[in-house]
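Here is a friendly walk through one protein model, one part at a time. Please keep the 3D view open as you read.

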Amino acid sequence: EMLEKGGYDHFMLKEIYEQPRSIKDSMRGRIYPNEGKLQLGGLKQYEEKFKNADRIIIVACGTSWHAGLVGEYLIEEFARVPVEVEYASEFRYRNPIISEKDIVIAISQSGETADTMAAIELAKEKGATILGICNVVGSSIPRLTHAGVYTHAGPEIGVASTKAFTAQVTVLTLIAFYVAQIKGTVTTGKLVELLTELESVPTLVEKALKANDLIVKIAEELKDSRNCLFLGRGSGFPVALEGALKLKEISYIHAEGYPAAEMKHGPIALIDNEMPVIVIATKNSSYEKVISNIQEVKARKGIVIAIVTEGDTEVKNMADYTIEIPHADEAFLPLIATIPLQLLSYHIAVMRGCNVDQPRNLAKSVTVE
Ligand code: G6P
């Protein structure tokens, strides 16, 4: 087993470190930055469908649902198609309104999640076109869907999903740009720019991984916390949700992800000098707003751990701890900002003596409803 872990203490850590590779593999042969073009073989025959789609509905569970929320942000931003993201388990029991002009995208690492399969069956009955984003080749969901795009994360052993998540987000980024290309909602010039930067994301993720030693120190400070709040805005919000899910899954610390501005409608009541608040505070369109959220936390003596863009000084002066990530276009923020949160959960869980690869009560794939 040590051999399989490639010298890492746990599969989860190995899989975190594999991300520059798995992200690259998930876009290989699909993007042509110099020409500002994308090719997604699986979707080719659905070009007209995408052109005329009234709506895209994403169905998934768990971490894959969080990837879906990032997808919503990207598809709406670039392809200008309305997107709804649904928990498969809720969707299937709600008599949802679906038409033949809808495209349903099911996201699943394993391709075997029972609720997601049932949601697909339902949408299929109602005539929608169903596409899959799966990691396991030949699993059930790719067989149930009309077409799809595989993630190339390789086998994921750790129950808490890491590299499969970033691979899903990578593929959703490709789909957003692909639909934008078909619909002409983004110019070729802009696509050249975006794809060139997307191609550099694996290198940026590698840089983000360099914060590991600092994160170990921060984990020391947080390991005995009873609660943790994760805040983000825009596409930083699903990153916050995923950060909180990772922490609770493997360390059993109660954690919640919240849109930063919603904090004042509830979670702010929980903030005192024992509450760590992890904030995605990178330099993008919501930067100034997030700064004022940080001030609100500090005014109540909360402990602020901020994920910032490298070179940032403003947040550094306010936060208790800052973790730098390289600068990137807002579109790629989720792929990079997720990395330090994965490492933070991992180290906290290890320090608490938890079984990080096989947390209690959880299964890698849930094949019952
Ligand atoms: C389980 C796993 C999660 C995963 C979820 C959905 O709860 O523990 O890591 O996100 O199922 O799984 P799927 O294979 O459909 O992505």
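Strand 8 (residues 227-232) is largely enclosed by the rest of the structure, because five of its six residues are buried; buried means that 20 or more other C-beta atoms, placed from the backbone, lie within 10 Å of the residue's own. This is a predicted model, in which local features need pLDDT of at least 70 and side-chain atom pairs count only at pLDDT 80 or more, while totals for chains, interfaces and linings use all residues. Residues are numbered from 1 along each chain as its sequence is written. Helices (H or I, at least four residues) and strands (E, at least two) are DSSP runs, numbered from the N terminus.

Strand 8 pairs with strand 9 (residues 254-259) in the parallel sense over six bridges; pairing requires that DSSP finds at least two bridges between the strands. Within this pair, Leu 229 has Glu 256 of strand 9 as its bridge partner.

Five strands in the order 4-3-5-6-7 form an open sheet with parallel pairing. Strand 4 (83-87) and strand 7 (147-150) are at the edges with a single partner strand each, so one side of each has no neighbour in the sheet. Ignoring direction, neighbouring strands are turned by 20° against each other on average. Strand 6 (residues 129-134) and strand 7 run parallel and are joined by four bridges, and Ile 133 stands opposite Val 149 in strand 7.

Touching residues have C-beta atoms, placed from the backbone, within 7 Å; angles run from 0 to 180 degrees between N-to-C directions, with axes fitted to C-alpha atoms, for helices over the stretch in contact.

| Helix | Strands touched | Angle |
|---|---|---|
| Helix 6 (residues 114-125) | strand 3 (55-60), strand 5 (102-108), strand 6 | about 165° with strand 5 |
| Helix 8 (residues 163-183) | strand 5, strand 6, strand 7 | about 140° with strand 6 |

Helices also meet each other. The axes of helix 2 (residues 19-27) and helix 9 (residues 188-209) come within 8 Å and cross at roughly 170°, which means that helix 2 is roughly antiparallel to helix 9 (angles over 145 degrees count as such). On the helix 2 side, Gln 19, Pro 20, Ile 23, Lys 24 and Met 27 meet Leu 198, Val 201, Pro 202, Val 205 and Glu 206 of helix 9.

Key: Parallel < 35°, antiparallel > 145°, perpendicular 65-115°, else oblique. Contact = placed C-beta atoms within 7 Å. Buried ≥ 20, exposed ≤ 12 C-beta atoms within 10 Å, placed from the backbone.
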